[in-house]
Amino acid sequence: MKTINVSGLHELKDAASLILQEFPEVYVYAVKGKMGAGKTTFIKSACDVLGVMEMVSSPTFALVNEYSASDGSPVFHFDFYRIKKLDEVYDIGYEEYLFSDNYCFIEWPEMIMELLPQKYVSIYIEESDDESRIIQYGLVNE
């Protein structure tokens with residue numbers, strides 16, 4: 001795992017850009033962290049890097065939001081915080097998203113770990129007392 005230290009949420013775009021550039025062939029990003037750590041803000045930043053023009057917001061109740069990158073390809077944003085059973089994930093047809101070779105950013109991936117593809121980028125965001133963030137990330141290739 002590698003580490004990036006950012007002094008605040010305003011630096012997440014630089015971190016997202018760095019991570020996306022480091023893994024150009026990987027499209028699934030599992031973003032973990034406590035409530036309020038900056039998961040949604042990180043994903044908004046990644047979408048900004050990809051040229052998404054729509055308003056990016058956490059799909060807490062819808063489970064998945066779809067945006068368009070600057071090249072017209074879809075970008076998917078998942079929030080599995082409220083998942084009670086894996087059947088809910090099966091019902092949305094998760095395979096069509098996660099195995100589509102389109103960007104998929106997942107908040108609360110802990111709820112669906114066994115459904116993730118063999119290869120994805122794991123990101124853990126930890127907030128410090130001074131509101132800086134420590135971002136640990138790396139490629140998972142099982």
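Author: Let's start at the hairpin of E6 and E7, where five residues sit between the strands and Glu131 takes a positive phi near 75 degrees. Before going on, a word on ground rules: this is a predicted model, in which local features need pLDDT of at least 70 and side-chain atom pairs count only at pLDDT 80 or more, while totals for chains, interfaces and linings use all residues. Residues are numbered from 1 along each chain as its sequence is written, and side-chain values use heavy atoms, with hydrogens and water left out.

Back to the turn. Glu131 is not a glycine, despite that positive phi, and its place is the loop between E6 and E7. Glu131 counts as exposed because its relative accessibility is 52%; for these labels, buried is under 20% relative accessible area, exposed is over 50%, and partly exposed is in between, with a 1.4 Å probe and protein chains only. The strands on either side, E6 (residues 119–127) and E7 (residues 133–141), run antiparallel and are joined by nine bridges. Strands here are DSSP runs of at least two residues (E), helices are runs of at least four (H or I), and both are numbered from the N terminus. Two strands are said to pair if DSSP finds at least two bridges between them. One of the bridges puts Glu127 together with Arg133 in E7.

E6 has another partner too. It pairs with E2 in the parallel sense over five bridges, and Val31 stands opposite Ile123 of E6. In a regular strand, side chains alternate between the two faces of the sheet.

Now follow E2 to Tyr29, which belongs to this strand (residues 28–33). Is Tyr29 buried or exposed? Tyr29 counts as buried, because its relative accessibility is 1%. Its contacts (heavy atoms within 4.5 Å), not counting residues up to four places away in sequence, are Ile19, Leu20, Phe23, Tyr103, Cys104, Phe105, Ile106, Val121 and Ile123. Cys104 is 75 residues from Tyr29 in sequence, yet the two C-alpha atoms are 6.1 Å apart. The side chain of Tyr29 also has a polar atom 3.3 Å from the backbone oxygen of Val26.

Next comes the helix. H2 (residues 39–49) has Lys39, Phe42, Ile43, Ser45, Ala46 and Cys47 as its buried residues. These pack against helix H1 (12–22), E2, strand E3 (64–68), strand E4 (74–79), E5 and E6, which brings us back to both strands above. After H2 comes Gly51, with a positive phi near 85 degrees.

H2 also gives the largest pocket the largest share of its lining, three residues. That lining has 17 residues, with Met35, Lys39, Thr40, Glu107 and Trp108 nearest the centre. A pocket is found on a 1 Å grid over the protein atoms alone, as an open set of points with protein on both sides within 12 Å along at least five of seven lines, and lining residues have an atom within 4 Å of a point. By class, the lining has five nonpolar, six polar and six charged residues.

Glu107 leads on to His77 of E4: the two side chains make a polar contact of 2.7 Å. A polar contact is a pair of N or O atoms within 3.5 Å; within protein, one must be able to donate a hydrogen and the other to accept it, and residues adjacent in sequence count only if both atoms are side-chain atoms. His77 counts as buried because its relative accessibility is 0%. Leaving aside neighbours within four places in sequence, its contacts include Thr40, Ile43, Phe105 and Glu107.

E4 has a hairpin of its own. E3 and E4 pair in the antiparallel sense over five bridges, and Ser68 stands opposite Pro74 in E4. Five residues lie between the two strands, among them Gly72, with a positive phi of about 90 degrees.

One last stop: Asp101. It lies in the loop between helix H4 (94–98) and strand E5 (103–107). Asp101 has a positive phi, near 60 degrees, without being a glycine. It counts as exposed because its relative accessibility is 59%.

Notes:
1 Å grid on protein atoms, 1.4 Å probe; cavity = no way out; pocket = protein on both sides within 12 Å on 5 of 7 lines; lining within 4 Å. Nonpolar A, V, L, I, M, F, W, Y, C, P; charged D, E, K, R; others polar.
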